[in-house]
Each structure stands twice: as C-alpha cells, then as structure tokens.
There are 2 protein chains.
Amino acid sequence: MLLGGAALSGAGALMEKRKWRIGVAGLGTIGAALVELIAERPDFAPSGAAVAVTGVSARSRRRRSAAISDLPWFDDPVALACSDANDVFVELIGGGEGPAKAAVEAALSLGKPVVTANKALIAQHGAQLAGLAEAAGAPLLFEAAVMGGTPAVKMLREAMVGDEVELVAGILNGTCNYILTQMQASGRPFAEVLADAQRLGYAEADAIMDVGGFDAAHKISILAALAFGCAPTYGAAKIEGIETIEPLDIRLARDLGYCIKLIATAARFGAGVSVQVHPALTPLDHPLARVEGVSNALFIQGRRIGRIFIEGPGAGAGPTAAAVAADIADVMTAAVRPVFQRPAAALKPFAPAEPGSTLGQAYLRLMVRDEPGVIASLTETLAAAGVSIDSFLQKPVEGVGGVPIVLTTHRVAESVLSEATRRMAALPSLLEPPRLIRIARI
Amino acid sequence: MLLGGAALSGAGALMEKRKWRIGVAGLGTIGAALVELIAERPDFAPSGAAVAVTGVSARSRRRRSAAISDLPWFDDPVALACSDANDVFVELIGGGEGPAKAAVEAALSLGKPVVTANKALIAQHGAQLAGLAEAAGAPLLFEAAVMGGTPAVKMLREAMVGDEVELVAGILNGTCNYILTQMQASGRPFAEVLADAQRLGYAEADAIMDVGGFDAAHKISILAALAFGCAPTYGAAKIEGIETIEPLDIRLARDLGYCIKLIATAARFGAGVSVQVHPALTPLDHPLARVEGVSNALFIQGRRIGRIFIEGPGAGAGPTAAAVAADIADVMTAAVRPVFQRPAAALKPFAPAEPGSTLGQAYLRLMVRDEPGVIASLTETLAAAGVSIDSFLQKPVEGVGGVPIVLTTHRVAESVLSEATRRMAALPSLLEPPRLIRIARI
C-alpha cells in the first residue's frame with residue numbers, strides 16, 4: 001500500500017518505491033534476527049512498501065537457517081555494499097576498523113543509505129562518515145548502536161532539537177550492570193561473577209570492552225555528539241571500568257545508602273564538555289539504582305524540557321534487530337537531515353572540560369594501620385588539599401588486613417581530588433593506595 | 001548553514017530553503033514560549049536553516065510582549081493558515097472543533113505543513129485530517145499533544161515500527177497525578193485538594209477535562225492509534241475520572257501496598273483493542289507509583305523489544321514549546337511518512353475488545369452494617385458470580401458509618417466483575433453501593 005500516489009510532491013518519489021531491497025552484512029544473532037523479522041513482516045514500514053533482504057555477507061559460510069541460506073551470498077561485504085541488487089546497506093559486522101568501515105564507506109560513497117549497529121565505528125569515525133554521507137546525500141543511521149531497542153539516538157537527534165541539552169547520563173552497558181547487580185546480591189568478587197556471567201552468555205569470552213568501560217564510552221561519545229552538536233570524540237572520554245570494584249566497597253557503599261553502578265556521563269561545564277565512564281556510588285532511592293540486570297537507562301536534561309528518563313533493553317537480538325528495522329523505515333521516508341546534530345562540516349571535536357571546572361562528590365576508602373593519630377593525619381591531608389568531608393565511616397570488617405575508613409567528600413574539583421588522593425597515598429599509615437569512587441552527579 | 005548543496009538529491013530541495021516562515025495561531029503560554037524560543041534560537045534546526053515567526057493570531061489582541069506585538073497579526077486563524085507569508089502553520093488554539101479544526105483543514109488543503117499540540121482535535125478527527133494531509137502531501141505533526149516535552153508520539157510513530165506493540169500504558173495527566181499525590185500526602189478530600197490546585201495554577205478553573213479523565217483519554221486514543229495502526233477512536237475509550245476517589249480508599253489501598261493513580265491503557269486483547277482511562281491501584285514498588293506531581297510516564301511493551309519506560313514533564317510552556325519546535329525541525333527534513341502508523345486510507349477504527357476477554361484484578365470496598373452473616377453473604381455472592389478473592393481486609397475506621405470491608409480479586413473478566421458488583425449492590429447489608437477500583441495491569 002502506498003501513500004496517496006500522484007498527490008505526493010517531489011520527496012514522494014523515493015516513497016513510491018514498491019520494494020526496498022536490503023543487503024545485510026554480518027549474520028550474528030542480530031543479523032539473523034533482522035533477516036527473520038523482515039521475512040515475517042515485509043510490510044512493517046508505515047508506508048506499507050515491501051522490504052526484502054536481497055543479499056547477505058558474513059565471515060564464515062557455516063550452516064544457517066533456511067531463510068538465510070537461500071539468500072544471495074557475498075563473501076566480501078564491500079561487494080555487497082556496492083551491489084546494485086540492494087537499495088540499503090545494513091552493517092552488522094562490528095568493529096571500528098577493517099571490513100565494517102570499508103563497507104560502510106563504500107556504500108556511502110555510492111550514495112547508498114547505510115544502517116548500522118556499530119558503536120565503535122560511529123564513536124571513532126562518525127564525523128568523517130557523516131561528511132561522506134552528507135556529500136553523497138545518503139542517510140547514515142545508527143539507532144541500534146546505543147541502548148539496543150531503546151531509541152536514545154532518535155530522541156537526541158530529533159526529539160530534543162527544540163531544546164538545549166545540558167546533561168546526558170545513564171547506564172549504557174548491560175554486562176557491567178548485570179555483574180554489579182550480581183556482586184551486590186551475592187557479595188561475591190568480580191572475577192567469580194564475571195566467570196558465571198560468561199558461562200551464562202551475559203558476558204563475552206573477551207569481556208574487556210564491556211567491563212573496562214570502553215563499550216559504554218563508545219555509546220556516550222555518540223550521545224554526547226548528538227546532545228551537544230559536536231563530532232563524536234571517543235579519544236577524549238575518560239574511561240574507568242568495574243574490574244577494581246571490590247565486594248568490600250559494595251558493602252560499605254550500601255552502609256552509606258548507595259549502590260555502585262557503571263555510569264556514563266556527558267555534560268557541559270562552561271565552554272567544554274566532559275565525557276566520562278566510571279563506576280559511581282548511586283543513591284539507593286535514585287531511579288538509576290533500580291535499573292537491574294541487563295537493562296539500560298538514560299537521563300536527558302534540557303534547559304526547557306527539564307529531565308526525561310528512559311529505560312529499556314540495552315541489547316539482545318530481538319530489540320536490536322527491531323531498532324535496525326526502524327532505521328530502515330526511516331530511510332524509506334527520504335528525510336534529509338544531518339547525520340549528527342549539525343551538518344558534518346560544522347562538527348568539531350568538543351573541547352574537554354577543564355579538570356578544575358568539573359565538580360563532584362567522591363567516596364574514598366582508605367585501608368589503614370590500627371594505630372593512634374591515623375585519622376588525624378588523614379583528615380589534615382585532606383584539609384590541606386582543600387577537600388572537605390561530608391560523611392565519615394570507620395567500621396571494623398573481618399577478613400581484611402587493617403581498618404577500612406570510608407569518607408565521602410563535599411563537591412570538589414576533579415583536579416583538587418586527584419591531588420588529595422596523591423598526597424594521601426604517600427602517608428605511611430596507609431596499607432594500600434586510596435580507593436576513589438565518584439558519587440553519581442545525577 | 002545548509003547540507004552539502006548540489007550533491008543533495010530530489011528530497012533535498014525543501015531542505016535548501018534558507019528561511020522557514022512560521023505562522024502561529026494561539027498565543028497562550030505555549031504560543032508565547034514558542035515565539036520566544038524561535039526568536040532566541042532561529043537556527044535551532046539541525047540543518048542550520050533559519051526559522052522565523054512571520055504571522056500570529058489569537059482570540060484577543062491584548063497587550064503582549066514586544067517580540068509578539070511586532071509580528072504581523074491575523075484576526076482570523078484561517079486567514080493565517082492560508083497566508084502565503086508562512087510555510088508552516090502551527091496550531092495552538094486548542095479544542096476539537098471550531099477555529100482550530102477549520103484552520104488546520106485550511107492549511108492542509110493547501111498542502112501546507114501543520115504542527116499542532118491539539119490532542120482533542122487529533123483524537124477526534126485524526127483519521128480525517130490524516131487523509132487530507134496525505135492527499136495534499138503535507139506533514140501533520142503533533143508531538144506536543146501527548147506528554148508535553150516527552151517524545152511519546154515520535155517513539156511510537158517511528159522508533160517502534162520494527163516491532164509489534166502489545167501495550168501502551170501510563171500516567172498522561174499531570175493535574176490528576178498532582179491531585180492524587182497531594183491527597184495521598186495530606187489525607188485531604190478531592191474537592192479541597194482540587195481547589196488548592198486551582199489556586200496554585202496546577203488545575204484549570206474548569207477542571208473537568210482533566211479530573212474527569214477526558215484529557216488522558218484523548219492522549220491514550222492518539223497513542224493507541226500509533227501503537228496499533230488504527231484510526232484514533234476516542235469514542236470507544238472507557239473513561240472514569242478521579243472525582244470519586246475518597247481519602248478512605250487511598251488509606252485502605254496503602255494498607256494493601258498500593259497507591260492510586262489515574263492510569264491510561266491501550267492494549268490488544270485477541271482481535272480487539274481496549275482503551276481505558278481509570279483510577280487504578282498501583283503497587284507501591286512499581287515505577288508508575290513513583291511518578292509524582294505533574295510528571296507523566298509511559299510503558300511501551302513490544303513483542304521483540306520488551307518494555308520501554310519513559311518519564312518526563314507532561315505539560316508546561318517550555319517543554320511543550322520545545323516539542324513543537326522539534327516538529328518544525330521534522331517538517332524541514334521533508335520526510336514523507338503516513339501521519340499515523342499506516343496510510344490514512346488503511347486506518348480503521350479499532351474493534352473494541354470483548355468485555356469477556358479483558359481480564360484484570362480489582363479492589364472492592366464495601367461499607368457494611370456491623371452484623372453477623374454479612375461477610376458470608378458477600379463472599380457467597382462473589383463466588384456465585386465467579387469472582388475469586390485474592391486478599392481480604394476488614395478494618396474499623398473511625399469517622400465513617402459502618403464497617404469498611406476491602407477485597408482484592410484474582411484476575412477476572414470485566415463482564416464477570418460488573419455482574420458481581422451489580423449483585424452485591426442489591427445486598428441489604430450494604431450501606432452504600434460497592435466501590436470498585438481496578439488494579440493496574442502493568
């Protein structure tokens with residue numbers, strides 16, 4: 001079924017196509033789910049025009065479901081991207097370089113619309129690819145790159161443009177959230193919980209992209225670009241993972257009324273933008289504290305709109321394939337808009353916020369010898385560095401050497417906090433380096 | 001700044017306009033906020049093309065801010081809608097009939113894009129206006145009609161199209177949510193809290209559209225149309241307001257672990273769709289129970305995507321004007337898509353779900369004489385009607401005549417519940433008709 005035929009003006013031409021032919025490169029769980037979705041509901045797009053997969057490509061030609069095996073096969077994803085047999089190229093190969101990048105560039109250079117779920121590619125080469133796409137008049141869409149089936153990209157790219165976004169922050173990596181939720185529930189250490197998660201399929205065998213915070217950093221870099229009208233600037237993100245979170249910190253944080261979450265934040269500070277991923281103490285009554293397991297959640301704060309909160313599935317073949325399909329439907333509308341929040345030629349990497357201007361509270365855990373004068377020397381060191389204390393907890397804990405002392409600070413500049421931590425590390429009464437965990441600013 | 005010039009294909013033509021001229025009809029708080037937003041940030045749209053208000057219309061020509069008084073004035077909104085001096089017509093007059101409808105029809109008939117915040121108009125005449133818009137090749141956008149600055153319309157119209165939506169449910173009226181939040185906090189009766197809300201500007205002088213549930217019903221009718229590919233079918237919505245909620249019910253619900261919220265729901269049941277607005281007992285640990293004051297919140301449940309939750313400001317001049325601006329930016333992309341989820345010619349009113357197929361739990365409060373045999377006769381009546389009891393609470397309450405007995409039922413068909421309530425109302429031991437409040441199904 002087509003929109004009212006002859007009455008459609010110029011832009012209607014593309015809309016009148018009776019069949020949209022899709023090439024899909026990458027046949028992992030998402031690619032397979034997409035092929036099945038399109039086979040099951042070829043008329044899913046609102047215009048009613050038919051969609052069909054007309055070519056596939058993957059690394060290995062192993063045995064696949066009948067629906068996939070019968071499709072025209074391309075050994076080389078670049079050849080698929082360039083083939084006249086499809087109108088839209090869907091890239092689900094993954095990775096910031098190599099065949100994914102080559103194929104996306106090839107398609108865009110020919111003016112062919114591209115839909116991708118590749119966060120590394122967009123976070124690292126988004127501005128360059130946007131330039132290619134806009135010069136060729138081809139859309140480049142990547143809803144599925146962030147928060148899987150939850151439309152964070154569309155919200156920032158389209159729904160928030162009437163406002164000025166000040167902050168985007170949330171939980172963007174389901175694997176880390178699952179591991180931290182499990183650590184909190186069981187009291188078990190990171191390595192054990194990770195091993196379980198890998199056995200259960202909630203974490204990949206090579207989990208460093210997830211647990212190291214790099215995956216969340218790719219995603220927040222993309223959201224920051226959309227929120228602030230900058231180029232995605234992955235290289236400027238400050239990244240800290242969850243590998244060093246100990247059960248002791250989870251217990252002590254809980255005593256103070258917090259849980260620990262991996263929080264990704266992009267915020268304006270003065271003329272700069274701060275993009276960070278780090279574990280953060282999150283108040284137990286905060287909406288982000290209630291995000292459990294593999295869910296993702298995001299706050300968007302705008303000057304006029306105030307705060308919007310969105311929570312949903314952050315990954316999974318079904319939700320992610322549905323997000324790719326929604327992007328294909330978007331291509332079919334022939335909308336002409338910049339790939340990011342501004343035309344590619346105007347996209348500049350953001351200026352990182354000055355460390356002196358990024359204020360926040362922190363949790364400091366110090367393992368000290370049980371001897372007189374220790375607390376005095378600690379508090380003097382902090383005071384001398386300009387850090388004032390918000391709360392203080394000294395609590396004997398069995399099974400750990402020394403006495404753990406936990407402080408939370410008042411709001412303090414990042415640069416002041418680093419200096420204070422450096423000075424404390426030099427104190428002879430400390431049995432191990434101070435453990436610093438930031439307190440969520442949202 | 002424009003998108004890469006010559007390389008843009010057909011659809012780019014509209015995009016190349018250097019200036020978009022906007023006519024704004026209706027200069028209440030939202031209209032005034034929109035005029036200010038555009039004056040402050042004429043380059044807000046991602047393409048960078050300039051936007052300017054080039055004509056205004058309102059009921060009275062009273063003294064307004066300088067920014068508005070200097071604009072070309074139209075006494076008749078239809079004349080503004082038809083004027084060659086603007087490219088987009090923004091309708092902020094309100095009301096399902098009269099000048100708002102006439103002006104929107106006039107603009108669409110001329111092929112002029114329309115942006116509106118008018119939920120009554122879209123809920124009552126959406127399918128007809130969609131037909132007009134699509135025949136003329138003009139977009140008709142209404143993000144601001146539902147949830148103010150929170151982009152529920154865009155999510156359902158565009159982001160969920162890869163999935164099949166099964167349920168949309170949430171809190172869509174900030175005035176009711178504010179009143180219920182206040183009643184819960186203070187224990188005061190509806191009429192007093194409403195009067196306060198009117199004094200404070202949280203409720204209109206004529207509050208029936210809000211407290212009667214009609215405003216929420218307009219909004220859920222629009223969301224149902226987008227979710228299920230139907231015509232908006234306001235006439236088929238079952239609507240119950242909050243006027244009859246008593247402090248006693250709020251107290252008793254709390255004893256059972258619930259708060260009371262006005263919940264709007266659209267759900268598929270078999271071949272039909274059920275669209276309802278009614279007060280509902282909501283478990284205290286449910287995300288909707290935590291939505292306080294004038295916020296709005298929505299669950300969207302899709303077959304593949306699972307559940308997405310979104311919360312944000314449901315009204316207010318700033319957020320609503322920002323949503324209208326985002327729609328203007330959407331018009332500038334020249335996207336061609338159906339107004340709803342399917343082309344207008346394919347939009348049919350939904351078939352209401354059979355009362356026998358809509359299952360749910362309910363709270364029943366019965367005010368009975370304090371005499372022997374009363375409970376036996378109640379429970380026998382329920383059992384005979386086929387309703388089984390989930391929990392039972394008999395609690396003396398001071399200051400009310402009789403003894404309140406509260407039951408919650410197991411899941412039961414709407415039709416069975418009505419019959420049971422009818423039979424109970426006939427029992428001589430009842431001092432007043434049974435009070436039925438549904439339990440939220442989400």
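This is a predicted model: local features need pLDDT of at least 70, side-chain atom pairs count only at pLDDT 80 or more; totals for chains, interfaces and linings use all residues.
Residues are numbered from 1 along each chain as its sequence is written, and chains are lettered from A and ligands numbered from 1 in the order in which they are written.

The contact between the chains was examined next; two residues are in contact if their C-beta atoms, placed from the backbone, lie within 7 Å. Chain B contributes 63 residues and chain A contributes 64 residues. Helices (H or I, at least four residues) and strands (E, at least two) are DSSP runs, numbered from the N terminus. On the side of chain B that touches chain A, at least two residues each come from α1 (12-15), α6 (119-136), α7 (152-159), β12 (306-313) and α13 (317-332) of chain B. The element that gives the most to this side is α13(B), with nine residues. Sorted by class, the side of chain B that touches chain A holds 37 nonpolar residues (Ala, Val, Leu, Ile, Met, Phe, Trp, Tyr, Cys and Pro), ten charged residues (Asp, Glu, Lys and Arg) and 16 polar residues (the others, Gly among them). Because 100% of the interface residues of chain B are also interface residues in chain A, the copies meet through the same surface.

Strand β12 takes part in pairing across the contact and within chain B. Two strands pair if DSSP finds at least two bridges between them. Between the chains, β12 (residues 306-313) of chain A and β12(B) run antiparallel and are joined by three bridges; here I310(A) stands opposite I310(B). Within chain B, β12(B) pairs in the antiparallel sense with β11 (residues 295-302) over eight bridges, and A297(B) faces E311(B) in β12(B). These two strands, β11(B) and β12(B), form a hairpin with three residues between them.

A residue is buried if 20 or more other C-beta atoms lie within 10 Å of its own, exposed if 12 or fewer, and partly exposed in between, with C-beta atoms placed from the backbone. Six of the eight residues of β12(B) are buried, and the strand is thus mostly covered. S60(B), in the loop between β2 (50-57) and α3 (66-69) of chain B, counts as exposed because it has 7 C-beta neighbours inside 10 Å.
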